[in-house]
Amino acid sequence: ILGCGRKRVWIDPNESADIAQANSRKAVRKLIKEGLIIRKPVAVQTRSRWRVRKEALQMGRHMGPGKREGAKNSRMPSKTIWMTRLRVLRRLLRKYREEKKIDRQLYRSLYQKTKGNVFKNKRNLMEYIHRVKNEKKKEKQLADQLAAKASKDAAMRAKSRKDELKKREKERVKAQKAAAEATAAAKKAAAGKAGAGKKAAAPAAKAPTKAPAKAAPAKPKKK
């Protein structure tokens with residue numbers, strides 16, 4: 001009726017007379033309902049000593065040479081250690097890639113380095129990632145500075161070239177003006193010389209055209 005063995009059945013000793021009169025299953029069920037017959041709970045082994053031992057093992061107790069059975073690699077296979085470490089590092093790389101902390105190219109590079117046993121643990125991997133990111137940041141800053149300097153130098157060269165062209169244009173205009181003035185002065189001088197020559201030649205041409213002076217009367221010859 002209770003669904004258990006005899007050892008787990010408890011009968012109230014104070015009500016043994018009433019229990020002895022029960023000669024049917026119905027009467028037994030009534031006694032069970034009244035609490036005169038009950039089913040004992042399953043006996044459970046205490047785990048307090050196990051918890052104490054587990055804490056000691058976590059601190060390294062009970063792990064001396066006398067407690068070890070099997071070879072080192074059989075107790076903790078090197079392949080298991082490698083798989084565990086590799087999975088931890090790859091999980092970290094995936095997390096950083098999803099959070100956009102590293103790009104696809106850096107992820108692939110670090111994935112190959114992890115496979116090549118470059119990093120011993122997560123700390124080494126994180127330090128390497130920070131170092132690479134700082135180097136990239138410095139390179140970018142340097143490239144930006146060089147680009148800004150190049151653009152500034154180009155602007156200054158363009159400005160100096162523009163000033164030089166303006167200066168050359170002014171000098172060319174000034175030279176043309178001076179040449180024009182010199183040409184004009186030369187023409188004026190040549191014209192002045194030609195006028196003076198004409199004036200000098202005019203009196204010389206007019207001198208023979210003057211009337212000759214009257215000759216004195218000839219004296220009579222003496223006989």
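Visitor: By how much of a helix are Y107 and Y111 separated in α6?
Guide: This is a predicted model, and in it both residues belong to helix α6. Because Y107 and Y111 are four residues apart in that helix, their separation is about one helical turn.

Visitor: What kind of aromatic pair do the rings of Y107 and Y111 form?
Guide: The structure holds two aromatic pairs. For Y107 and Y111, the ring centres are 5.9 Å apart and the planes are at 45 degrees. Planes under 30 degrees apart would count as stacked and planes over 60 as edge-to-face, so at 45 degrees this pair is tilted.

Visitor: Is Y111 buried or partly exposed?
Guide: The cut-off for buried is under 20% relative accessible area. Y107, at 8%, is therefore buried. Y111 has 21% relative accessibility, so the class of Y111 is partly exposed.

Visitor: How far apart in space are R94 and Y111?
Guide: R94 is a residue of helix α5, and its 37% relative accessibility makes it partly exposed. R94 and Y111 are separated by 17 residues in sequence. From C-alpha to C-alpha, the distance between R94 and Y111 is 9.6 Å.

Visitor: Which element gives the most to the largest nonpolar core?
Guide: The largest nonpolar core has 12 residues, among them L89, Y96, Y107, F119 and V132. Two or more of the core residues come from each of α5 (78-98), α6 and α7 (122-206). With four residues, the element that gives the most to this core is α5.

Visitor: Which residues does L106 contact, leaving aside its neighbours within four places in sequence?
Guide: L106 is another member of the largest nonpolar core. V132, also a core member, is one of the residues in contact with L106. With the sequence neighbours left aside, the contacts of L106 are V132 and K136.

Visitor: What is the relative accessible area of T114?
Guide: T114 lies in helix α6, which spans residues 104-115. Not counting residues up to four places away in sequence, T114 touches W82, L86, L89, L93 and F119. T114 falls under the 20% cut-off for buried, because its relative accessible area is 1%.

Visitor: How much space lies in the largest pocket?
Guide: The lining of the largest pocket includes I1, C4, R6, V28 and I37. The elements giving two or more residues to this lining are β1 (9-11) and α2 (25-34). The space in the largest pocket is about 150 Å³.

Visitor: What pattern does the protein follow along the sequence?
Guide: The protein has seven helices and two strands. Read along the sequence, the pattern is β-α-α-β-α-α-α-α-α.

Visitor: What share of the residues of the protein count as buried?
Guide: Contacts give one overall figure: of those with a separation of 6 or more, 59% are between residues 24 or more positions apart. Burial gives another, counted over the 223 residues of the protein. The share that count as buried is 9%.

Technical notes
Residues numbered from 1 in each chain as written. Predicted model: local features only at pLDDT ≥ 70, side-chain atom pairs only at ≥ 80, totals over all residues. Heavy atoms only, no water. Buried < 20%, exposed > 50% of the residue type's maximum accessible area, 1.4 Å probe, protein only. Contact = heavy atoms within 4.5 Å. Core = buried A, V, L, I, M, F, W, Y, C linked by side-chain atoms within 4.5 Å. Phe/Tyr/Trp six-rings, centres within 6.5 Å; stacked < 30°, edge-to-face > 60°. 1 Å grid on protein atoms, 1.4 Å probe; cavity = no way out; pocket = protein on both sides within 12 Å on 5 of 7 lines; lining within 4 Å. Points joined across faces, edges and corners; volume = space filled by probe spheres on them.
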